[in-house]
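Here is a friendly briefing to read with the model open on your screen. Take a moment with the sequence and the structure, and then walk through the topics below.

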Amino acid sequence: MRSIWNGAISFGLVSIPIKLVNATESHSVSFRQIHTEDGGRIRYRKVCELEDREVTQAEIGKAYEDADGSMIPITDEDLSQLPIPTARTIEIVAFVPEDRIDPLQMGSAYYLAASGAPAAKPYTLLREALKRSNRVAIAKFALRGRERLGMLRVVGDAIAMHGLLWPDEVRAPEGVAPEAGVTVRDQELDLADALMDTLGEIDLADLHDEYQEAVEEVIAAKAAGEKPPEAREEAAPGKVLDLMAALESSVRAARESRDGEEAGGPAEEAEVRSLPRRKTSSRAPKETGGKKSTSTATKKTAAKKAEPKKSTAKSAGAAKKTAAARSHAKGGDKKGTARSTARGGDKGAAKSTPKKTASRRRSA
């Protein structure tokens, strides 16, 4: 990475030679201005108003425009001799907790690279001191013709510096919040919390610039002589009349979206989430004759199909026991009836035995 500024960090009586490099980069697609009729480039030329001619970069200097319109020339030598200690030095003035810094003040980010072998030891000392104290350093430095405020913090094994706005450069939020008093109910807050929980967290590394990708697709299509992709038609959002209904719909849509994403994920997560639905949909079997049915759905279906034809061996055995009990209770004059019942039961049992055996074979 190319350095944009060379200087030193002033840490008390310790001086750390460093190089300033940009910590961020822009991936936005840049365009050129053209003449729409013939596609010619549109260029800006620097012209002197007094001589009415184009001048080179070497002929251009700086000046301050006074209130009456007159120009006061300012040279680079004038700026280099400014009576400030931060012209080539990042001067640390304090160490504070990071939460003391208002994010509204934070601007451009830079990396501070150690310049040469002699800077390695003091650079490491400052980095480890910042780590152990859990604080950030507030510093002043001069860059691009003005003195600036910065915050130094540790990023991995490097020291980064965030340019800060001066406190008087941050506007107060006057006239931004609603002027009329608004009351928010607890139910609305509960739904808002539910929506936040449903949306959950996200890894910022998974986010990307979809607009840039779409622009690149258009450029590639036109370069290949193809028709650019058309935008998807999206339904216009309706007016929100009921905040509670809007929150409920948002929570429902977020849950459906999250369930759809999890359905395509690992099988273990889908199985764990389906268990509560199986538990609530099951029903306890009804009791018949003081006994609970333990057969599965397949056996129940088979039993129902077999009922219209003939009684099972179990039914025959039960009939035999019932007939014997009745015969014993009524006396000897009804022995013939009991015997005939028992014989009928034996025949039913004999007939049902092959079916029972066949049923066992099928289940095996």
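A residue is called buried when its relative accessible area is under 20%, exposed when that area is over 50%, and partly exposed in between. Glu-217, at 48%, is therefore partly exposed. Please keep in mind that this is a predicted model. The points below cover charges, surface patches, backbone angles and a few side-chain contacts.

**Salt bridges**

- How many salt bridges does the structure hold? The count is 9.
- As background, side chains of opposite charge can pair when their charged atoms come close.
- Arg-127 pairs with Glu-128, and their closest N and O atoms are 3.1 Å apart. Arg-127 has a relative accessible area of 14%, which makes this residue buried because the cut-off is under 20%. Glu-128, at 36%, is partly exposed.
- Glu-188 and Arg-185 form another salt bridge, with 3.5 Å between the closest N and O atoms. Glu-188 is buried at 11% relative accessibility, while Arg-185 is partly exposed at 45%.
- Lys-227 and Glu-230 also make a salt bridge, and here the closest N and O atoms are 3.0 Å apart. Is Lys-227 buried or exposed? Lys-227 is exposed, with a relative accessible area of 64%, and Glu-230 is exposed too, at 62%.

**Surface patches**

- Which residues form a negative surface patch? Asp-209, Glu-210, Glu-213, Glu-216 and Glu-217 do.
- Glu-217, one of the patch members, sits in helix 4, which covers residues 210–223.
- Patch residues need over 30% relative accessible area, and Glu-217 is above that cut-off because its value is 48%.
- Val-182, Val-184 and Leu-189 make a nonpolar surface patch of about 280 Å².
- Leu-189 belongs to helix 3, residues 186–199. With 42% relative accessibility, Leu-189 counts as partly exposed.

**Positive phi angles**

- Most residues other than glycine have a negative phi.
- Asp-52 is not a glycine, yet has a positive phi of about 55°. Where does Asp-52 lie? Asp-52 is in the loop between strand 3 (47–48) and strand 4 (53–54), and is exposed at 63% relative accessibility.
- Asn-134, another residue other than glycine, has a positive phi near 55°. Its place is the loop between helix 2 (120–133) and strand 9 (135–143). Asn-134 is exposed, with a relative accessible area of 65%.

**Side-chain contacts of buried residues**

- His-162 is part of strand 11, which covers residues 158–164. This histidine is buried, at 11% relative accessibility.
- What joins the side chains of His-162 and Arg-153? The link is a polar contact of 2.9 Å.
- Thr-198 is found in helix 3 and is buried, with a relative accessible area of 11%.
- The Thr-198 side chain reaches the backbone oxygen of Ala-194 at 2.7 Å.

**A loop glycine and a buried arginine**

- Gly-156 sits in the loop between strand 10 (146–155) and strand 11. Gly-156 is exposed, with a relative accessible area of 54%.
- How far apart in space are Gly-156 and Arg-127? Their C-alpha atoms are 9.7 Å apart, with the two residues separated by 29 residues in sequence.
- Arg-127 is the buried residue that forms the salt bridge with Glu-128, whereas Gly-156 is exposed.

Technical notes:
Residues are numbered from 1 along each chain as its sequence is written. This is a predicted model: local features need pLDDT of at least 70, side-chain atom pairs count only at pLDDT 80 or more; totals for chains, interfaces and linings use all residues. Side-chain values use heavy atoms; hydrogens and water are left out. A salt bridge is a side-chain nitrogen of Lys or Arg within 4 Å of a carboxyl oxygen of Asp or Glu. Buried means under 20% relative accessible area, exposed over 50%, partly exposed in between (1.4 Å probe, protein chains only). Patches are made of residues with over 30% relative accessible area and no salt bridge: like charges are joined within 9 Å, nonpolar side chains (Val, Leu, Ile, Met, Phe, Trp, Tyr) within 5 Å. Accessible areas come from the Shrake-Rupley method with a 1.4 Å probe; for residues, only the protein chains shown count as cover. Lys and Arg count as positive and Asp and Glu as negative; His and the chain ends are not counted. The place of a charge is taken as NZ of Lys, CZ of Arg, CG of Asp or CD of Glu. Helices (H or I, at least four residues) and strands (E, at least two) are DSSP runs, numbered from the N terminus. A polar contact is a pair of N or O atoms within 3.5 Å; within protein, one must be able to donate a hydrogen and the other to accept it, and residues adjacent in sequence count only if both atoms are side-chain atoms.
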